Amino acid sequence: GTTLKIALIGNPNTGKTSVFNLLTGLNQQVGNYPGITVERKSGTCRLPGDAKGLILDLPGTYSLNASSMDENVVIELLLNKTDKDYPDVAVVVTDVENLKRNLLLFTQIKDLEIPTILVINMSDRMERKGISLDVPYLEQHLKTHIALVSSRKGTGIDHLKQLIVNYKGLSHEPCLNASGIDPEYFNRLRHAFPNQLLYKLWLVITQDANFGIIDMKELQGTSFTKTKSDLKRLQQKETIKRYQFINDVLKVGQTIDTSNAKDLRAKLDRVLTHQVFGYAIFFAILMLIFQS
Ligand code: GDP
Ligand code: MG
């Protein structure tokens, strides 16, 4: 049979290692603090049919706009097609309670045109938190396939394996049109490097490292050089555009009803919010009385 290379990617604490352990039957250390997975760890997994999976558990990463060593490990792998571990399919693991924040990285990985599956983990907490998801809607608008998983309960893993063997059916459509970050600049890039993926080029430029993709000398001293502050501004623009996209999708695809939440803390939060609001009005009235 074939062996598929699968990279598990996600923000810290989304349950990557837990999913890894379920897939591989191994017992890597699960931690409730970031940075516990500090290097590439791999294991194998039997997949439906005759296929085998080589699963790579990567360090937790917030985004591809690298700032830490952990993040560099992931970027180096995903930008370098010649890396022996370069994945056939990326599995982005997210926490159902932090979808909005976790999806930032998902949209970036997807825009590298790597076949990407979305795991929404910790689904056992949905009822308590009053969260419901319209999975077909999310799949359609995030242009991916979704496995709703609880690695705590062990549910959704067979579905995930099925999605992995069917990875060829995944859409390659990006979430964000990279040119929108700076149309004039990206148009020039497109003409200068017609065979390169724009978003990939953009990462190379902002990371200021070549990762074996293009000869950075081609870029240096050309009109493609930008100041650090310009790059930072454009990166911020990219992040804002991504969150706009994510917000729009979640507005319809996700409902959080705290009045339905079985979770005491969610209920308490609601009461406290009302109470703080009440006190604020009370003090405002007091101030008015004192001033008059
Ligand atoms: P990683 O940092 O992404 O590798 O995440 P880990 O696998 O180390 O898990 C982080 C924390 O989340 C641990 O305390 C896990 O026990 C917990 N966790 C992982 N998966 C689930 C799940 O499906 N449900 C719940 N409730 N907790 C989970
Ligand atoms: Mg881990």
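This is a short walk through a predicted model, going from the sheet out to the helices and then to the ligand.

**Stop 1: the sheet.** Switch to cartoon and pick out the open sheet of 6 strands; its order reads β2-β3-β1-β4-β5-β7, and the pairing is mixed. Look along it and you'll see a twist that averages 25° from one strand to the next. Now colour the edges, β2 (41-46) and β7 (145-148): each has a single partner strand, so one side of each is left without a neighbour in the sheet.

**Stop 2: strand β1 and its partners.** Select residues 3-9, which make up β1, together with residues 89-95, which make up β4: these two run parallel and are joined by 4 bridges. To find one meeting point, show Ile9, whose bridge partner in β4 is Val92. Then turn to β3, which pairs with β1 in the parallel sense over 6 bridges. Here, Ala7 has Leu56 of β3 as its bridge partner.

Stop 3: Which way do β2 and β3 pair, parallel or antiparallel? Antiparallel, over 6 bridges. Between the strands of this hairpin sit 5 residues, and Gly49 takes a positive phi near 80°.

Stop 4: Show α1, residues 16-24. Helix α1 lies across β1, β2, β3 (52-57), β4 and β5 (116-121), and runs at about 45° to β2. Next, select residues 157-165, helix α6, which lies across β1, β2, β4, β5 and β7, at about 160° to β7.

**Stop 5: ligand 1.** Centre on the ligand and bring up its shell. How many residues surround ligand 1? There are 16, and the closest are Lys16, Thr17, Ser18, Asp124 and Ser151. Helix α1 turns up again here, giving the most to the shell with 3 residues. Colour the shell by type and you get 2 nonpolar, 10 polar and 4 charged residues.

Zoom in for some distances. A polar backbone atom of Asn13 is 2.9 Å from an oxygen atom of ligand 1. Over at Met122, a backbone N or O atom lies 3.4 Å from an oxygen atom of the ligand. For Ser151, go to the side chain: an N or O atom there is 2.7 Å from a nitrogen atom of ligand 1.

Note on methods: Residues numbered from 1 in each chain as written. Chains lettered and ligands numbered in written order. Predicted model: local features only at pLDDT ≥ 70, side-chain atom pairs only at ≥ 80, totals over all residues. Heavy atoms only, no water. Near = heavy atom within 4 Å. Polar contact = N/O pair within 3.5 Å; in protein donor to acceptor, adjacent residues only side chain to side chain. Nonpolar A, V, L, I, M, F, W, Y, C, P; charged D, E, K, R; others polar. Pairing = 2+ DSSP bridges. Axes fitted to C-alpha atoms, helices over the stretch in contact; angles between N-to-C directions. Contact = heavy atoms within 4.5 Å.
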